[in-house]
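Please read the points below with the sequence and the model open beside you, and look up each residue as it is named. The note begins with a term that the later points rely on.

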Amino acid sequence: MSSINKIIVIGTLVGDVDDRVTSSGDAYAKFKLKVDRPERSDGIVAQADEIEIVAWRQMAESAKTISNGDSVVVEGRIQTRTTEDEGGRRKYFTEIDAKVIQKLGAPSTISKSSSQPKADVKKQFKELTSTTVETKSVKEVSESDFDFTAPVSRMDDEEVPF
Amino acid sequence: MFNKCFLIGRLTRDPETRVTLSGVAVSRFTIAVDRVRGKNGQEGVTDYIRVVAWRRLAEICGEYLKKGKLIAIEGRLQIESYDKDGESRTSAEVVADNMQMLDRGTGVEMAHDHYDHAEEIAPI
């Protein structure tokens with residue numbers, strides 16, 4: 001049977017990422033995302049959902065880069081599972097098995113642009129200053145460029161359309 | 001914030017549809033969504049996902065959905081917290097914004113085979 005199971009959420013990380021390794025050696029990480037519900041038309045303040053996320057293997061590695069309070073995008077699938085406690089009672093869990101974890105507003109882009117070679121920056125600066133000088137010389141004007149004798153057209157306030 | 005999901009699965013049983021005290025129709029059902037087979041050859045694993053629909057969409061679900069029907073659901077994942085025997089528990093369900101029947105069944109059903117009006121977000 002062809003099934004589709006896709007979900008994408010954006011939320012804030014609540015608490016810390018709990019990263020562990022299973023007895024068979026697979027790394028996994030668990031965390032909770034607080035996701036605000038859409039605004040309600042009746043004015044009642046919308047609640048938020050705290051969604052459990054689980055990340056396996058390489059995804060568990062990316063989960064280590066996020067910390068409490070971060071805005072995070074998670075893409076994955078909804079997964080349900082049941083466990084039985086000592087009393088034989090069944091417990092149901094619903095969580096997202098993450099396929100993509102991306103921190104929002106990550107500083108990685110900033111560090112990228114600042115790591116430009118120094119020579120390049122110098123060259124850019126030179127270019128910038130030279131063009132400024134050029135434009136200045138072109139734009140330089142004197143009083144004689146203007147014809148002050150030309151008649152100034154008068155305009156009635158009533159004619160102004162605003 | 002952003003919370004969107006898309007599911008295709010089969011109803012595990014007929015939906016339970018009723019009207020709340022304030023007169024709003026609500027329909028609940030569970031869909032079975034098979035997992036894509038993993039690299040380690042795991043097979044036969046199915047996720048059972050609870051779905052809730054409100055208002056007009058709930059009426060449509062109640063009228064046309066039956067156990068075993070293949071449907072597509074678009075909505076958002078919602079987590080409810082509640083107390084049971086003094087113990088704090090949570091339950092998760094997908095609040096449906098949109099539903100489409102995918103079975104190419106009998107002609108009668110096919111006439112109503114389409115639903116493309118996004119429902120308003122349901123009040124709880």
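1. A nonpolar core is a set of buried Ala, Val, Leu, Ile, Met, Phe, Trp, Tyr and Cys residues joined through side-chain atoms within 4.5 Å. Buried here means under 20% relative accessible area, exposed means over 50%, and partly exposed lies in between, with a 1.4 Å probe and protein chains only.

2. Some conventions come next. This is a predicted model, in which local features need pLDDT of at least 70 and side-chain atom pairs count only at pLDDT 80 or more, while totals for chains, interfaces and linings use all residues. Residues are numbered from 1 along each chain as its sequence is written, chains are lettered from A and ligands numbered from 1 in the order in which they are written, and side-chain values use heavy atoms, with hydrogens and water left out.

3. The largest nonpolar core has 46 residues, and those with the most contacts inside it are F31(A), V74(A), I101(A) and I31(B). Apart from this core lies another, of 5 residues, including V24(B), V26(B), V52(B) and V95(B).

4. Which residues does V74(A) touch, not counting those up to four places away in sequence? Among them are I7(A), V9(A), F31(A), L33(A), I53(A) and I101(A), where contact means heavy atoms within 4.5 Å.

5. Chain A has 3 helices and 5 strands, which run β-β-β-α-β-β-α-α from the N terminus on; helices (H or I, at least four residues) and strands (E, at least two) are DSSP runs, numbered from the N terminus. Of the 162 residues in chain A, 22% are buried. Among contacts in chain A with a separation of 6 or more, 55% join residues 24 or more positions apart.

6. In chain B, helix α1 (residues 55-64) has the buried residues L57(B), A58(B), I60(B), C61(B) and Y64(B). These residues lie on the same side of α1(B), because they cover an arc of only 160 degrees around the axis, the arc being that of the directions from the helix axis to the C-beta atoms. C61(B) has a relative accessible area of 1% and therefore counts as buried.

7. The C-alpha atoms of G23(B) and R55(B) are separated by 9.2 Å, although the two residues are 32 residues apart along the chain.
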